[in-house]
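Please look over the model below before reading the comments. They are meant to be checked against the coordinates.

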Amino acid sequence: MHLGAGDLPLFCPRPDAPLWARHPRVYLDVTTTGEVVCPYCSAHYLFAGEAPKHH
């Protein structure tokens, strides 16, 4: 899933996730390397654009 600055802070599962894909909410740091994988569901997130200065 491609994300931008407006999607930060990044958490999984996302609000639009189907009920079967729900798990405890975890916050993920996608700004350090530009990508991250959720440890629960293996969803792959990619960050596009410039990170806000406060992150």
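Predicted model: local features only at pLDDT ≥ 70, side-chain atom pairs only at ≥ 80, totals over all residues.

1. The protein has an average pLDDT of 91, and 96% of the residues score at least 70. Confidence is lowest in strand E1 (residues 2-3), where the mean is 92, and highest in E3, at 98.

2. The largest nonpolar core is made of 11 residues, among them Leu-3, Leu-8, Val-26, Val-30 and Phe-47. Strands E2 (10-12), E3 (26-28) and E5 (44-47) each give two or more residues to this core. In soluble globular proteins, nonpolar side chains tend to be buried together.

3. Val-36 belongs to that core. Beyond its neighbours within four places in sequence, Val-36 is in contact with Leu-10, Leu-28, Asp-29, Val-30, Ala-43, His-44 and Tyr-45.

4. Pro-39 sits in the loop between strand E4 (35-37) and E5. With a relative accessible area of 64%, Pro-39 is exposed.

5. How many disulfides does the model contain? The count is 0, with a disulfide taken as a pair of cysteine sulfur atoms within 2.5 Å. For Cys-38, the nearest cysteine sulfur is that of Cys-12, 3.7 Å away, so Cys-38 is in no disulfide. Cys-41 is likewise in no disulfide, and its nearest cysteine sulfur, that of Cys-12, is 3.7 Å away.

6. Are Cys-38 and Cys-41 buried or partly exposed? Cys-38 is buried, at a relative accessible area of 2%, whereas Cys-41 counts as partly exposed, at 36% relative accessibility. Cys-38 and Cys-12 are both listed in the largest nonpolar core.

Key
Residues numbered from 1 in each chain as written. Heavy atoms only, no water. Core = buried A, V, L, I, M, F, W, Y, C linked by side-chain atoms within 4.5 Å. Buried < 20%, exposed > 50% of the residue type's maximum accessible area, 1.4 Å probe, protein only. Helix = DSSP H or I, 4+ residues; strand = E, 2+ residues; numbered from the N terminus. Contact = heavy atoms within 4.5 Å. pLDDT = per-residue confidence, 0-100.
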